[in-house]
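The following paragraphs are intended to be read alongside the sequence and the coordinates.

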Amino acid sequence: MSHWHGKHALVTGGSSGLGLHLAKTLTAAGAAVAIVGRTQSRLDEAADMLRGLGGEVLAVAANVAQPGETRRVVDAALARFDGLDFACACAGKSMRGAAMDTPREAFEELLRVNFLAALDLAQAAGPHLEAAAATRGTGHLVLIGSLASKTASPLLGAYPASKFPLAALAQQLRLERGPQGLHTLLVCPGPVARGDAGRRYDTQADGLPAQARQPGGGAKLRAIDPATLAAKILSACEARRAELVLPKRARLLFAAAQLCPPLGDWLVR
């Protein structure tokens with residue numbers, strides 16, 4: 001029987017993109033899933049599709065970047081499900097721009113979406129995940145970071161600064177709550193394949209070098225299939241791994257950047 005059969009999961013950003021693929025993979029494995037999104041119409045469409053796969057689905061409309069919304073979402077999931085085995089902070093936002101030209105307000109916005117919403121999820125869901133770890137051997141908290149959680153790239157605006165804190169949070173949770181059973185997985189993927197790749201930043205990238213329009217700011221990386229990434233995330237949870245980095249060779253860049261920052265900068269360029 002699947003590790004996920006009969007389990008209960010919550011995925012923010014679950015109405016589209018990687019979050020929806022993760023919800024589909026969980027549903028196919030027999031889990032009941034709560035998905036969270038900001039747009040009710042897209043959320044309803046995603047929920048209907050998941051129910052069509054035979055899954056039990058709870059759809060909760062919320063903007064998790066706003067204080068209190070994540071706790072409301074967790075409470076809604078707990079009111080529907082008997083506990084919580086898996087929670088993933090998948091809601092996120094990227095951008096383009098030079099750091100010196102990016103206004104403070106943009107940094108604050110991305111920090112709320114990419115970091116503070118994940119912190120809220122950890123604090124709201126953490127105790128319930130620890131309880132599930134003790135009784136069902138689960139208790140998985142997944143933080144969707146980026147290669148930018150470990151090394152910055154040029155022309156990504158406030159994005160790297162909003163993703164870097166996830167790596168620190170993940171390590172701190174592993175050290176503080178790991179002994180209590182909480183499993184924290186930091187996911188650091190390269191660009192994830194999407195239909196509007198190469199076009200979605202046309203307005204923000206106006207006046208910037210051509211690389212700014214490309215996925216990952218022009219990084220020489222093959223786009224990752226979101227369905228494949230979703231399956232790898234669940235496998236990493238089953239193995240209770242600390243990190244999932246794709247492509248794997250990016251770990252060499254991370255190590256070089258730590259040992260010799262100028263070398264890391266050269267490799268990024």
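Helix 1 (17–28), strand 2 (32–37) and strand 3 (57–61) are the elements against which the buried residues of helix 2 pack. Helices and strands here are DSSP runs, numbered from the N terminus, with helices being H or I of at least four residues and strands E of at least two. Contact denotes heavy atoms within 4.5 Å. The model is a predicted one, in which local features need pLDDT of at least 70 and side-chain atom pairs count only at pLDDT 80 or more, while totals for chains, interfaces and linings use all residues. Residues are numbered from 1 along each chain as its sequence is written, and side-chain values use heavy atoms, with hydrogens and water left out.

Helix 2 covers residues 40–52; its 13 residues reach 18 Å from the first C-alpha to the last, close to the 18 Å expected at 1.5 Å a residue. The expected span is 1.5 Å times one less than the number of residues. Its buried residues are L43, A46, A47 and L50, where buried means under 20% relative accessible area, exposed over 50% and partly exposed in between (1.4 Å probe, protein chains only). Viewed down the axis of helix 2, these residues fall within an arc of 100 degrees and so line one face of the helix; the arc is taken over the directions from the helix axis to the C-beta atoms. The face turned away from the buried side of helix 2 carries the exposed residues S41, E45 and G52. Just after helix 2, G54 adopts a positive phi of about 95 degrees.

The axes of helix 1 and helix 2 come within 10 Å and cross at roughly 25 degrees. L20, A23, K24 and T27 of helix 1 make the contact with A46, M49 and L50 of helix 2. Axes are lines fitted to C-alpha atoms, for helices over the stretch in contact, and angles run from 0 to 180 degrees between N-to-C directions. Helix 1 and helix 2 are therefore roughly parallel to each other, given that angles under 35 degrees count as roughly parallel, over 145 as roughly antiparallel, 65 to 115 as roughly perpendicular and the rest as oblique.

By contrast, A134, which lies in helix 4, is exposed, with a relative accessible area of 68%.

The loops hold several backbone features. Most residues other than glycine have a negative phi, and most peptide bonds are trans. L155, in the loop between strand 5 and helix 5, has a positive phi of about 70 degrees although it is not a glycine; L155 is buried, at 17% relative accessible area. R240, also not a glycine, has a positive phi of about 55 degrees and lies in the loop between helix 6 (226–238) and strand 7. At 36% relative accessibility, R240 counts as partly exposed. Finally, the peptide bond from L246 to P247 is cis, with omega near 0 degrees, and P247 is placed in the loop between strand 7 (243–246) and helix 7 (250–259).
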